[in-house]
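Please examine the sequence and the structure shown below. The report that follows describes selected residues, their surroundings and the contacts between them.

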Amino acid sequence: MARRNPKDIVVPDQRGRLTVVTGANSGIGFETARRLALAGADTVLAVRDPAKGEAAAARIRADGGERVSVATLDLASLDSVASFADVLLERGRPVDLLVNNAGVMAVPTRHTTKDGFELQFGTNHLGHFALTGRLLPLLRAAARPRVVTVSSLAARRGRIDLTNLNAERRYRPWDAYGRAKLANLIFAQELDRLSGRHDWGIRSVAAHPGFTRTNLQRSGPLMGREAGAFNPGELVLQLPGLAQDPVYGALPSLVAATSERAVGGGYYGPDGPFELTGLPAAARVPRRARDLATAARLWTASEQLTGVAFPA
């Protein structure tokens with residue numbers, strides 16, 4: 001059977017809308033930002049490495065995306081998150097769309113952020129939690145604001161242990177990654193619930209890319225290892241039909257970000273077997289992501305850890 005074309009997923013006209021995409025210099029983030037820019041959005045590539053961001057911006061402009069800019073954001077530093085948000089707040093332009101995409105995966109040994117959090121939980125969840133909270137005034141000022149948070153199939157193996165969020169007692173790379181991505185999914189759903197409860201006017205949606213070939217599978221597992229170290233993930237990525245390219249992996253994020261059919265609190269991923277590959281469809285929400293008590297406690301803990309409080 002012929003594979004469907006990713007161009008079949010149409011991104012609606014985004015002219016006049018300001019979008020922010022974290023981790024937009026490569027992979028899923030790049031493809032998400034590229035499609036949004038091609039649809040006319042004023043697109044901010046929020047990246048840790050400005051040089052890589054400018055190279056990505058040049059590629060998007062060469063492809064026809066005119067209104068694209070680069071800003072420095074290190075989600076492993078709450079000071080960087082605050083500085084990034086302060087620049088946008090000073091400009092005062094409403095943010096129509098925030099895509100919480102950046103992340104780190106399966107770091108082999110325990111690393112910490114600049115603020116002392118376990119690297120995966122601190123970057124993937126707490127950094128995006130703080131960013132969303134600081135940008136909340138600009139999101140609320142937009143006409144139809146939306147926040148998309150990228151989770152992962154690994155969320156299914158995640159567990160939220162509020163007494164060990166930073167893996168201080170025991171660290172296992174994939175357990176820590178699963179915890180962080182489960183936290184991403186819980187955050188997206190709780191943000192939508194709180195938006196409705198407090199009349200913030202924000203539609204919060206989650207997505208996952210299935211199994212997509214990106215730098216994530218290379219940079220995280222090799223962090224702290226010698227150059228040329230064996231990475232079994234490289235072999236798995238090459239198995240025929242098991243993984244897909246970022247142009248496909250970005251589609252659930254784009255549907256979550258732009259489709260009027262994307263429901264607040266919804267979760268979207270590929271429609272193929274086991275949600276590994278394919279075109280976007282509603283994804284299965286893990287049981288642990290549906291625990292409202294855990295969601296409320298994680299939200300409170302995240303506010304305390306980041307020092308960023310959402311208005312009640």
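In this predicted model, R159 is placed in the loop that runs between strand 5 (146-150) and helix 5 (173-198). Is R159 buried or exposed? Its relative accessible area is 55%, and because a residue counts as exposed when this value is over 50%, R159 is classed as exposed. On the surface, R159 gathers with R284, R287 and R290 in a patch of positive charge.

The loop between strand 5 and helix 5 also holds N166. Which residues touch N166, if its neighbours within four places in sequence are left aside? They are R110, F117, E118 and F121.

**Salt bridges**

The model contains 15 salt bridges by the rule applied here.

| Pair | N to O distance |
|---|---|
| D96 and R17 | 3.9 Å |
| D42 and R67 | 2.4 Å |
| E260 and R146 | 3.7 Å |

The side chains of D96 and R17 meet in a salt bridge. This pair links distant parts of the chain, since D96 lies in the loop between helix 3 (78-91) and strand 4 (97-100), while R17 belongs to the segment before strand 1 (18-22). The two residues are 79 residues apart. Both D96 and R17 are buried.

The side chains of D42 and R67 form another salt bridge. D42 is part of strand 2 (residues 42-47), and R67 is in the loop between helix 2 (50-62) and strand 3 (68-72), so this pair ties together parts of the chain that are 25 residues apart in sequence. The surroundings of the two partners can be described separately. D42 has a relative accessible area of 9% and is therefore buried. R67 has a relative accessible area of 53% and is therefore exposed.

A further salt bridge joins E260 to R146. How many residues apart are E260 and R146? They are 114 residues apart, and the pair links distant parts of the chain. E260 is found in the loop between helix 9 (251-258) and strand 7 (267-270), whereas R146 is in strand 5. E260 has a relative accessibility of 56%, so this residue counts as exposed. R146, with a relative accessible area of 4%, is buried. E260 and R146 also belong to a network of salt bridges, in which they are linked with R144 and R203.

**Residues with positive phi**

The backbone angle phi is the next topic. Which value does phi of D199 take? It is near 60 degrees, a positive value in a residue other than glycine. D199 is located in the loop between helix 5 and strand 6 (203-207). At a relative accessibility of 63%, D199 counts as exposed.

F274 is not a glycine either, and has a positive phi of about 60 degrees. This residue lies in the loop between strand 7 and strand 8 (280-282). F274 is exposed, with a relative accessible area of 69%.

T294 is in helix 10 (residues 292-306). With a relative accessibility of 13%, T294 counts as buried. T294 and R284 are 10 residues apart along the chain, and their C-alpha atoms are separated by 19 Å. R284 is also one of the residues in the patch of positive charge described above.

G103 is placed in the loop between strand 4 and helix 4 (119-140). Its relative accessible area is 37%, and it is therefore partly exposed. G103 and A207 are 104 residues apart along the chain, and their C-alpha atoms are separated by 14 Å. When neighbours within four places in sequence are left aside, G103 is in contact with N124 and L216.

Conventions:
Residues are numbered from 1 along each chain as its sequence is written. This is a predicted model: local features need pLDDT of at least 70, side-chain atom pairs count only at pLDDT 80 or more; totals for chains, interfaces and linings use all residues. Side-chain values use heavy atoms; hydrogens and water are left out. Patches are made of residues with over 30% relative accessible area and no salt bridge: like charges are joined within 9 Å, nonpolar side chains (Val, Leu, Ile, Met, Phe, Trp, Tyr) within 5 Å. Accessible areas come from the Shrake-Rupley method with a 1.4 Å probe; for residues, only the protein chains shown count as cover. A salt bridge is a side-chain nitrogen of Lys or Arg within 4 Å of a carboxyl oxygen of Asp or Glu. Lys and Arg count as positive and Asp and Glu as negative; His and the chain ends are not counted. The place of a charge is taken as NZ of Lys, CZ of Arg, CG of Asp or CD of Glu. Helices (H or I, at least four residues) and strands (E, at least two) are DSSP runs, numbered from the N terminus. Buried means under 20% relative accessible area, exposed over 50%, partly exposed in between (1.4 Å probe, protein chains only). Contact means heavy atoms within 4.5 Å.
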